[in-house]
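Here are my notes on the model, point by point. Please read them with the structure open.

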Amino acid sequence: MSFEMEEVALAPRGRPRDTQVDERVLRIAAALIFERGYAGLSIDEVAEQAGVAKTTLYRRWSTKDHLAVAVVARLQADDEITDTGDIRADLVDYMEKIAAGLNRMRAAGGREGPSAGAVGELVAAAARHEDIGRLTREQYATRNTIALALIERARVRGELRADLDAEALFDQLAGALYYRVMITGAPIDRAYAERLVSSALEGSLTCH
């Protein structure tokens, strides 16, 4: 999916956070999610494995939903958006990264088939908690700015039409991946990313 929200934003202000504790906790929480699924994540167990007080975790992440969203944000931060000068290849690569993240989350806990898995739980968490919903939107706004800049550079160098709506183009691409995960349950992989980008770019590329 295609993870970049700062988990520190989910906690109240106070003395500086211990980033080593944060990293350890998020790593352990991620392992539990992938092994057992969303239902298998427990703040109490994470605290025990991380060797920290439960109150420490609850001050940082008040619910399991908050902790899970912080895990996703941390994982997304590792996904880079590369600009090689070939917009088609760059968009396929980025869509494949988003697809890989979504596939990993929906398969968490050994789920198979068309289930949205943890992806659906995270969407529900954003709906349950106003602060998570707000931070999730901010997270994607920040992430999308990077992707939109990639498209804009391709437009400026003449690879895409001058009147291209970059936001609409990106919505077509990323939205299609989430639609297949959340609604149809259809697979998403590099082959689909290639088809998706080719279809979305139809009419967007300049004619030479």
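1. Which residue lies over the face of Tyr192? Arg180 does, at 3.8 Å from the ring centre. A second contact of this kind involves Arg104 and Phe34. The charged end of Arg104 sits over the Phe34 ring, 3.8 Å from its centre.

2. Now the overall fold. This is a predicted model. The chain has nine helices and zero strands. Along the sequence, the pattern reads α-α-α-α-α-α-α-α-α. Of its 208 residues, 45% count as buried.

3. On to aromatic pairs. The count comes to two, with ring centres required to lie within 6.5 Å. In one of them, Tyr94 and Phe170 have ring centres 6.3 Å apart and planes at 15°, so the pair is stacked. Planes under 30 degrees apart count that way. Tyr94 belongs to helix H5 (residues 87–106) and Phe170 to helix H8 (residues 166–184), so the pair ties together parts that are 76 residues apart in sequence. Tyr94 and Phe170 are both buried.

4. Tyr140 counts as partly exposed, because its relative accessibility is 25%.

5. Val123 lies in helix H6 (residues 117–128). At 44% relative accessibility, Val123 counts as partly exposed.

6. How many salt bridges does a search of the whole structure find? The answer is twelve. One of them joins Arg128 to Asp65, with the closest N and O atoms 2.8 Å apart. This pair links distant parts of the chain: Arg128 is in helix H6, Asp65 is in helix H4 (residues 64–76), and 63 residues separate them. The two ends sit in unlike surroundings. Arg128 is partly exposed, at 46% relative accessible area. Asp65 is buried, at 7%.

7. Asp93 and Arg190 also meet in a salt bridge, at 3.1 Å from N to O. Asp93 lies in helix H5 and Arg190 in helix H9 (residues 190–201), so the pair ties together parts that are 97 residues apart in sequence. Asp93 is partly exposed, with a relative accessible area of 26%. Arg190 counts as partly exposed as well, at 30%.

8. Last, Arg161 and Asp163. Their side chains meet in a salt bridge, 2.8 Å from N to O. Is Asp163 buried or exposed? Asp163 is exposed, with a relative accessible area of 58%. Arg161 is partly exposed, at 30%. Elsewhere, salt bridges with shared partners join Asp83, Arg153, Arg157 and Glu159 into one network.

Conventions. Residues numbered from 1 in each chain as written. Predicted model: local features only at pLDDT ≥ 70, side-chain atom pairs only at ≥ 80, totals over all residues. Heavy atoms only, no water. Phe/Tyr/Trp six-rings, centres within 6.5 Å; stacked < 30°, edge-to-face > 60°. Helix = DSSP H or I, 4+ residues; strand = E, 2+ residues; numbered from the N terminus. Buried < 20%, exposed > 50% of the residue type's maximum accessible area, 1.4 Å probe, protein only. Lys NZ or Arg CZ within 6 Å of the ring centre and 35° of its normal. Salt bridge = Lys/Arg side-chain N within 4 Å of Asp/Glu carboxyl O.
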